[in-house]
Protein chains: 2
Amino acid sequence: MVISGANDLVVKQEFQLAGIKLSSGQDFGPLVVAYETYGQLAPARDNAILIFHALSGDAHVAGRYAPTDKKPGWWDSLVGRGKAFDTDKYFIICANVLGGCQGSTGPSSINPQTQRPYGLDFPLITIKDMVNVQVALLDQLGIERLQAAVGGSMGGMLALQLAVDWPERVANIIAVATAARVSAQNIAFNEVGRRAILSNPHDGLAIARMIGHITYLSDDLMREKFGRKTADRQSFAANFNDPQFAVESYLQYKGAAFTERFDANSYLYITKAIDLFNLADDGGGNLEQALAKSRSRFLVVHFSSDWLFPEYQALEIVKAIMNNNGHVSYRAIDSSYGHDAFLLESDQLGTIITSFLAGAK
Amino acid sequence: MVISGANDLVVKQEFQLAGIKLSSGQDFGPLVVAYETYGQLAPARDNAILIFHALSGDAHVAGRYAPTDKKPGWWDSLVGRGKAFDTDKYFIICANVLGGCQGSTGPSSINPQTQRPYGLDFPLITIKDMVNVQVALLDQLGIERLQAAVGGSMGGMLALQLAVDWPERVANIIAVATAARVSAQNIAFNEVGRRAILSNPHDGLAIARMIGHITYLSDDLMREKFGRKTADRQSFAANFNDPQFAVESYLQYKGAAFTERFDANSYLYITKAIDLFNLADDGGGNLEQALAKSRSRFLVVHFSSDWLFPEYQALEIVKAIMNNNGHVSYRAIDSSYGHDAFLLESDQLGTIITSFLAGAK
């Protein structure tokens with residue numbers, strides 16, 4: 001086991017799994033799961049917290065691989081010594097999802113039957129499948145029951161699905177900036193990104209990411225951050241390639257950078273899994289009945305300017321748990337960061353998480 | 001002159017213009033302007049109303065070309081005998097904008113110097129340029145002063161620009177679901193559409209249109225209209241081409257249909273003109289000073305669920321006119337149709353327009 005914490009270096013680890021039965025009924029394997037851990041598993045094996053990443057995230061939730069790394073992991077502000085997910089207290093696990101492209105088996109992995117990348121021969125996967133692969137990882141690590149499962153955006157969907165499908169394996173759920181099922185508008189944005197990728201995988205992935213970034217920011221923040229500020233260029237030529245406005249430079253940069261680190265096919269499969277996710281399916285179409293299967297305490301967090309996952313979606317989860325007489329805390333955080341707030345509002349989010357975990361049995 | 005009304009057939013007409021000086025300083029010509037008229041110009045030539053179309057609109061604002069036409073023009077609910085723009089009373093004019101692809105000179109027109117379509121050699125054009133071309137059309141028609149200029153979305157921008165640049169030529173302005181300058185978010189959506197077109201003109205135009213349609217509808221309406229309703233297909237295969245959800249079918253259909261009738265380069269040039277439009281530029285960066293140049297009465301209309309052109313943008317115009325002690329009426333219409341409401345809320349909009357025009361001198 002790698003000893004790691006706020007000041008230690010982290011190492012990416014791999015778990016080999018012979019195979020799983022997918023939601024589609026198909027047997028699929030062998031699989032690799034890339035994951036990282038932080039802190040120490042207690043002798044009683046009762047201090048583990050599983051963090052699920054979002055669409056474009058990965059297992060590298062905190063810390064650095066080398067002292068020279070420019071950036072730490074994506075939730076470093078919340079994971080480490082003395083932080084909300086205190087690595088002096090908890091054993092933190094984060095794994096790259098099935099279908100991803102950061103070490104876990106996905107469309108860019110080599111298909112052992114053809115010795116070439118799966119590409120679009122990769123099977124359709126669901127949020128349930130992603131969860132089941134990580135439950136297998138917990139088995140491997142000897143963790144019977146998690147202290148908590150946590151996630152923002154798509155990560156929150158995995159946390160909710162774990163609560164319903166594996167009620168005995170998790171005591172507390174922290175679902176941030178997420179939904180029990182995405183809206184038609186959300187499906188629509190995902191579908192446009194997929195059409196762009198199917199038309200041209202490289203350019204299309206950049207376009208999909210640009211759309212993503214628009215939906216992650218609030219109109220208010222965009223106005224404040226960019227407004228109508230122009231890019232360096234100020235000519236009157238009909239030049240559609242160079243950015244005219246600062247917001248265009250930002251999106252072009254973000255889109256291009258994404259193509260360096262992400263696989264276009266992973267984008268197709270993961271967004272499809274998001275669209276297909278509907279927790280109510282586990283209750284015969286009824287969300288309350290689905291959540292009645294859970295035995296966990298819940299913390300649901302919404303950010304005021306998040307229009308990709310609007311408040312009615314958070315409240316739908318909260319009401320369903322309340323109607324089941326379940327334990328749920330709801331917090332709406334005032335923020336102008338839009339959906340991105342789950343990555344940026346660390347102070348407010350950290351305080352709320354610390355307090356919720358302190359109340360855990 | 002073609003006699004036309006609610007029950008008459010309309011004819012597309014053409015006006016030839018030797019050339020104009022563009023905002024960029026470039027002389028450009030010759031030009032063709034496709035336009036339609038409805039009703040009769042009064043002997044005093046004082047009953048003309050100019051309607052400006054939106055991004056994807058055209059000169060065919062009302063009526064039918066042939067009795068067998070399946071659909072009438074795009075604002076047929078408001079233009080005709082006894083309607084808000086009553087053709088028994090007013091002489092209605094609507095022209096396809098410069099840069100368009102429905103009869104007026106645009107990137108798909110033949111460049112006389114090369115005998116091939118302009119394509120990306122078409123010059124950069126602005127909302128001001130579009131207005132100036134239509135003022136030339138008014139000259140040609142012998143109309144010194146319009147009773148009103150009207151437009152929704154981009155059409156509203158042209159109406160506002162006319163009011164500021166040609167104050168003596170228009171008595172009343174009706175600006176619907178529009179802004180004195182678009183937001184960073186709006187520029188961002190336009191830019192994503194342009195990137196898609198530059199990557200692949202045909203598929204990209206469909207993608208740009210899909211993005212457009214998402215922004216034209218409200219989240220509420222999408223939820224009501226599509227929700228998570230599935231398309232006919234219900235298989236568990238990883239098939240990204242066929243729609244899974246009804247909202248995907250809708251967008252794919254709309255995107256594909258648009259490529260049949262619209263030119264990808266026109267989309268580039270017109271969205272760029274929208275992004276560059278900033279009425280405040282005519283007041284040295286100050287909107288109030290820009291609008292102080294106008295002599296018109298204004299009606300500004302906003303729709304409650306229009307998130308592409310939010311209420312703060314409508315109010316910005318209203319406040320600037322009020323601070324100038326100008327005459328302005330403001331109406332916020334309660335509607336769930338989003339930005340599309342300007343095409344759909346004919347009853348409410350018609351009543352408001354009728355009342356505003358009745359108060360006109």
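**Two chains about a two-fold axis**

Chain B can be laid on chain A with an RMSD of 0.0 Å by a turn of 180° and a shift of 0.0 Å along the axis, and that is the relation of a two-fold axis. For this comparison the copies are superposed by least squares on the C-alpha atoms of residues with pLDDT of at least 70 in both. The model is a predicted one, in which local features need pLDDT of at least 70 and side-chain atom pairs count only at pLDDT 80 or more, while totals for chains, interfaces and linings use all residues. Residues are numbered from 1 along each chain as its sequence is written, with chains lettered from A and ligands numbered from 1 in the order in which they are written.

Which residue of chain B comes closest to the rotation axis? That is Ala196(B), with its C-alpha at 3.5 Å. The same surface serves both copies, as 100% of the contact residues of chain B recur in chain A. Here two residues are in contact if their C-beta atoms, placed from the backbone, lie within 7 Å.

The contact between the chains takes 46 residues from chain B and 47 residues from chain A. On the chain B side, α3 (184–199), α4 (201–216), α5 (219–225), α6 (246–261) and α7 (264–276) each supply at least two residues. The largest share of that side, 12 residues, comes from α3(B). Helices (H or I, at least four residues) and strands (E, at least two) are DSSP runs, numbered from the N terminus. Sorted by type, the chain B side has 26 nonpolar, 9 polar and 11 charged residues. In this sorting Ala, Val, Leu, Ile, Met, Phe, Trp, Tyr, Cys and Pro count as nonpolar, Asp, Glu, Lys and Arg as charged, and the others, Gly among them, as polar.

Turning to chain A by itself, there are 11 helices and 14 strands. Its C-alpha trace spans about 70 × 50 × 50 Å along the principal axes. With 361 residues, a compact globule would have a radius of gyration near 21 Å, and the 20 Å of chain A agrees with that; the radius is taken over C-alpha atoms, and the globule rule is 2.2 Å times the number of residues to the power 0.38. Of the 361 residues of chain A, 55% count as buried. A residue is buried if 20 or more other C-beta atoms, placed from the backbone, lie within 10 Å of its own, exposed if 12 or fewer, and partly exposed in between. Among contacts in chain A with a separation of 6 or more, residues 24 or more positions apart account for 70%.

Chain A is divided into domain 1 (13–182 + 279–358) and domain 2 (186–266), with bounds that come from an automatic or database domain assignment. Their centres, taken over C-alpha atoms, are separated by 27 Å. Domain 1 of chain A gives 19 residues to the contact between them and domain 2 of chain A gives 12 residues. The domain 1 side of this contact divides into 8 nonpolar, 10 polar and 1 charged.

The largest nonpolar core holds 241 residues, of which Ala159(A) and Ala159(B) touch the most other members. Such a core is a set of buried Ala, Val, Leu, Ile, Met, Phe, Trp, Tyr and Cys residues joined through C-beta atoms within 7 Å. Leaving aside neighbours within four places in sequence, Ala159(A) is in contact with residues including Phe52(A), Val150(A), Ile173(A) and Ile174(A).

A few local details follow. Glu311(A) lies in helix α9 (residues 311–323) of chain A and is partly exposed, because 15 other C-beta atoms lie within 10 Å. Beyond four places in sequence, Glu311(A) is in contact with His302(A) and Ala332(A). A cis peptide bond joins Gly29(A) and Pro30(A), with omega about -5°, and Pro30(A) is found in the loop between β3 (27–28) and β4 (31–38) of chain A. In chain B, a cis peptide bond joins Gly29(B) and Pro30(B), again with omega about -5°.

Buried or exposed: what are Ala177(B) and Asn325(B)? Ala177(B), in the loop between β12 (172–176) and α3 of chain B, has a positive phi near 50° and is buried, with 31 other C-beta atoms within 10 Å. Asn325(B), in the loop between α9 (311–323) and β14 (328–333) of chain B, has a positive phi near 60° and counts as exposed, with 7 C-beta neighbours inside 10 Å.
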